[in-house]
Amino acid sequence: MEDSSDFITSDIVTDREKQFALPGLLKCDYFQRQRQGYYGAREAGCVNRHRNYVTLLEALDEIFAYNEQHAKSFAKRFRGGSKDWGNCEAIFSEVIVYRAYVRAVYEGLIRSIHLEEAESDIIVERLDRSKMFLEVFCVMPSFPPPNEDGTPKVYNVMTHTQTAMASIRQKLLHKISNQGQLSKPRENFAVVELNDVTIAGDFAVLSSLSGGYKLSLQTESLKVLSGGYDWDDSVFNDPSTLWLKGVIYFSLGDYESRKYLFNPKFSSRFSQNDRPSS
């Protein structure tokens, strides 16, 4: 009878690594941290099935099969910023979005996907040759390290506000005004990934891009008479959003469950009849 120690065991991680099209990436700091995090989350029973080390490898493999040069472009960026966790998380967000459209190409729903750094993060070409220009950004609160005794520090999450620099609204306006993105006369979309459980869901985006969630109370009893987001103070009132068609947002890697928030003023400026070819 053979000793059980003679058997070589494998799991989904090692299986995916053996098949990975870009093996040089596996030694990068970011990929090593993702790998350790996956095993830790699996041990704790809390693996996020939409965004983890295995899905990262799978996504890059699918992109490689569709367009090898695009996969190598992502790989180059991962290698270049491997020690910068936040930067690599943002690249991972782009990979998640790109991967979703690869499937759409194979299903005949869109024509192709383009990577043109000077134009946009991801460009999706429809069957009629019109294009969506996607600027992807990953939102994560920057929590301070714990106290010396291990207790967490009190920290205000400002993602849902309107004027704080950490808010989604200000991050979006910074991309437009300071970085010159989302400002050409075409179908521009900001794609926001909410990459932390503390901000996942609708509230952070809708609160920040509107004037906030407001309640109307009965003065004496404090009974709630009405409530809702204040769209009179919408981000779309800002002149810099002139050519922003809308915002696509999703939480924790689940791009299949993405939601859209359209700029109500966009259609009056941009119609099917005067759509630019670029």
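**The mixed sheet and its surroundings**

Good morning. I begin with strands β4 and β7, which pair in the parallel sense over seven bridges. Two strands are taken to pair if DSSP finds at least two bridges between them. Helices (H or I, at least four residues) and strands (E, at least two) are DSSP runs, numbered from the N terminus. Within this pairing, E193 stands opposite F250 in β7.

A word on the source: this is a predicted model, in which local features need pLDDT of at least 70 and side-chain atom pairs count only at pLDDT 80 or more, while totals for chains, interfaces and linings use all residues. Residues are numbered from 1 along each chain as its sequence is written, and side-chain values use heavy atoms, with hydrogens and water left out.

Strand β7, residues 244–251, also runs antiparallel to β8, and four bridges join the two. Y249 stands opposite K259 in β8, and V247 has L261 as its bridge partner there. Seven of the eight residues of β7 are buried, where buried means under 20% relative accessible area, exposed over 50%, and partly exposed in between (1.4 Å probe, protein chains only).

Both pairings belong to an open sheet of six strands, in the order β1-β2-β3-β4-β7-β8, with mixed pairing. Its edge strands, each pairing on one side only, are β1 (112–116) and β8 (259–262). On average, neighbouring strands of the sheet are turned by 25° against each other, direction ignored.

What packs on this sheet? Helix α5 does, touching β1, β2 (120–125), β3 (131–139), β4 (188–194) and β7. Contact here means heavy atoms within 4.5 Å. The direction of α5 makes about 145° with that of β3. Axes are lines fitted to C-alpha atoms, for helices over the stretch in contact, and angles run from 0 to 180 degrees between N-to-C directions.

Helix α5 (residues 85–106) also meets helix α2 (residues 29–44): their axes come within 10 Å and cross at roughly 80°. The two helices are therefore roughly perpendicular to each other; that term covers 65 to 115 degrees, with angles under 35 counted as roughly parallel, over 145 as roughly antiparallel and the rest as oblique. Y30, R33 and Q34 of α2 make the contact with W85, C88, E89 and F92 of α5. These residues divide into four nonpolar, one polar and two charged. In this scheme Ala, Val, Leu, Ile, Met, Phe, Trp, Tyr, Cys and Pro are nonpolar, Asp, Glu, Lys and Arg are charged, and the others, Gly among them, are polar.

I turn to two individual residues. Not counting residues up to four places away in sequence, S208 touches several others, including H160, R169 and F203.

P152, by contrast, lies in the loop between β3 and α6 (168–177), and it counts as exposed because its relative accessibility is 68%. Leaving aside neighbours within four places in sequence, P152 is in contact with P146 and N147.

Finally, the whole protein has seven helices and eight strands. Buried residues make up 44% of its 278 residues, and its C-alpha trace spans about 80 × 55 × 30 Å along the principal axes. Thank you.
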